[in-house]
Amino acid sequence: MALVLNTRLVLAALMAAISPAALGVDPHMGGEMKHVMVWRDASSLETMIDDTIPLPILTDYDETYTGAASVLNGTWYNSQYGWVVEGFWEVPPGASIWIERLSGTPGLASYSGGTMTTPAFTPIFGTAGSSARIMWDGRMLHNWYAAVEPGAYEATYTVYFGDSQGTPLNGYAPAIVTLDWYLYCPADANLDGFVNALDYDLFASAFEIADLAADFNGDGFVNAIDYDAFAEHFEAGC
Ligand SMILES: [Cu+2]
């Protein structure tokens with residue numbers, strides 16, 4: 001089966017691809033979509049990341065999700081990265097597009113954004129013993145990435161033409177692409193990657209005037225609970 005992939009198809013599939021299945025509170029993408037554009041150039045696959053969108057930040061919204069999305073509970077997560085087909089091209093006869101994780105920062109979990117073969121929030125890319133690779137149908141795919149420890153995260157993928165089992169086709173070159181995320185320390189008030197006196201001053205200033213920037217636990221109130229929670233994280237450092 002030769003798939004004809006085009007941007008119109010991608011647009012038509014957009015809403016289906018990014019709508020979480022869970023009822024109630026839905027997980028947040030975390031910011032604007034940051035696309036990884038994929039296209040074919042003769043016998044090679046090529047990729048380019050939209051660098052007009054800043055580094056995606058893994059974020060904890062202190063929310064509880066139900067159903068399949070509950071895998072994100074208690075994590076700091078993001079789904080801004082989206083795999084998209086760029087331009088008009090065809091896959092080789094009998095081939096499928098595969099995305100396989102080659103390496104990545106320990107502690108970075110991945111869950112499907114939802115396709116025909118991998119329903120939303122199923123572990124992918126090696127998470128929870130899943131396969132390191134997924135078959136991609138060419139529709140916009142915003143997977144979920146989650147972690148719990150502060151710091152920089154990255155994962156490197158190969159995007160290639162394979163058979164129905166994921167075995168690479170001979171004669172075609174893959175694209176290798178690395179995605180990056182950051183998870184800020186809870187007490188890093190100025191988001192510069194460090195926890196120091198600048199953060200303490202910023203928090204204390206906001207706390208004194210009951211600015212919601214000092215609502216550390218996000219309950220809508222600025223009170224002693226927020227101060228204690230901030231102080232605890234501040235002392236723990238990063
Ligand atoms: Cu997108």
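**Entry 1: getting my bearings**

I started by looking up the secondary structure, and the protein chain has three helices and twelve strands. I remind myself that this is a predicted model. Next I looked up confidence: the mean pLDDT of the protein chain is 90, and 90% of its residues reach 70 or more. The exception I noted is residues 1-23, where the pLDDT is below 50. That stretch still has 42 contacts in the model beyond near neighbours in sequence.

**Entry 2: the chain as a whole**

How many of the residues count as buried? I found 37% of the 238 residues in the protein chain. I also looked at contacts with a separation of 6 or more, and 69% of them join residues 24 or more positions apart.

I traced an open sheet of four strands, and its order is 9-7-11-12 with antiparallel pairing. Which strands stand at the edges? They are strand 9 (133-136) and strand 12 (175-183). Each has a single partner strand, so one side of each is left without a neighbour in the sheet.

Then I zoomed in on one pair. Strand 7 (residues 96-104) and strand 9 run antiparallel and are joined by four bridges. Here I could find I99 standing opposite I134 in strand 9.

**Entry 3: strand 5**

Is strand 5 enclosed or open? I counted five of its five residues as buried, so strand 5 is largely enclosed by the rest of the structure. I recalled that side chains in a regular strand alternate between the two faces of the sheet. In strand 5, Y81, W83 and V85 point one way, while G82 and V84 point the other way, and all are buried.

I also looked up a partner for this strand. Strand 2 runs parallel to strand 5, and five bridges join them. K34 is the residue I found opposite Y81 in strand 5.

**Entry 4: the nonpolar cores**

The largest nonpolar core has 44 residues. Those with the most contacts inside this core are L58, A146, A147, V159 and L183. Several strands each supply at least two residues of this core, among them strand 2 (34-41), strand 5 (81-85), strand 7 and strand 12. Which strand gives the most? I found strand 11, with six residues.

Leaving out residues up to four places away in sequence, V159 touches V38, L45, T47, I97, I99, P174, A175 and V177.

**Entry 5: two alanines with positive phi**

A42 has phi near 55°, and A42 lies in the loop between strand 2 and strand 3 (44-49). A128 also has phi near 55°, and A128 is found in the loop between strand 8 and strand 9.

Are these alanines buried or exposed? A42 has 8 of them, so A42 is exposed. A128 has 11, so A128 is exposed as well.

Conventions:
Residues are numbered from 1 along each chain as its sequence is written. This is a predicted model: local features need pLDDT of at least 70, side-chain atom pairs count only at pLDDT 80 or more; totals for chains, interfaces and linings use all residues. Two strands pair if DSSP finds at least two bridges between them. A residue is buried if 20 or more other C-beta atoms lie within 10 Å of its own, exposed if 12 or fewer, and partly exposed in between; C-beta atoms are placed from the backbone. Two residues are in contact if their C-beta atoms, placed from the backbone, lie within 7 Å. A nonpolar core is a set of buried Ala, Val, Leu, Ile, Met, Phe, Trp, Tyr and Cys residues joined through C-beta atoms within 7 Å. pLDDT is the predictor's confidence in each residue, from 0 to 100.
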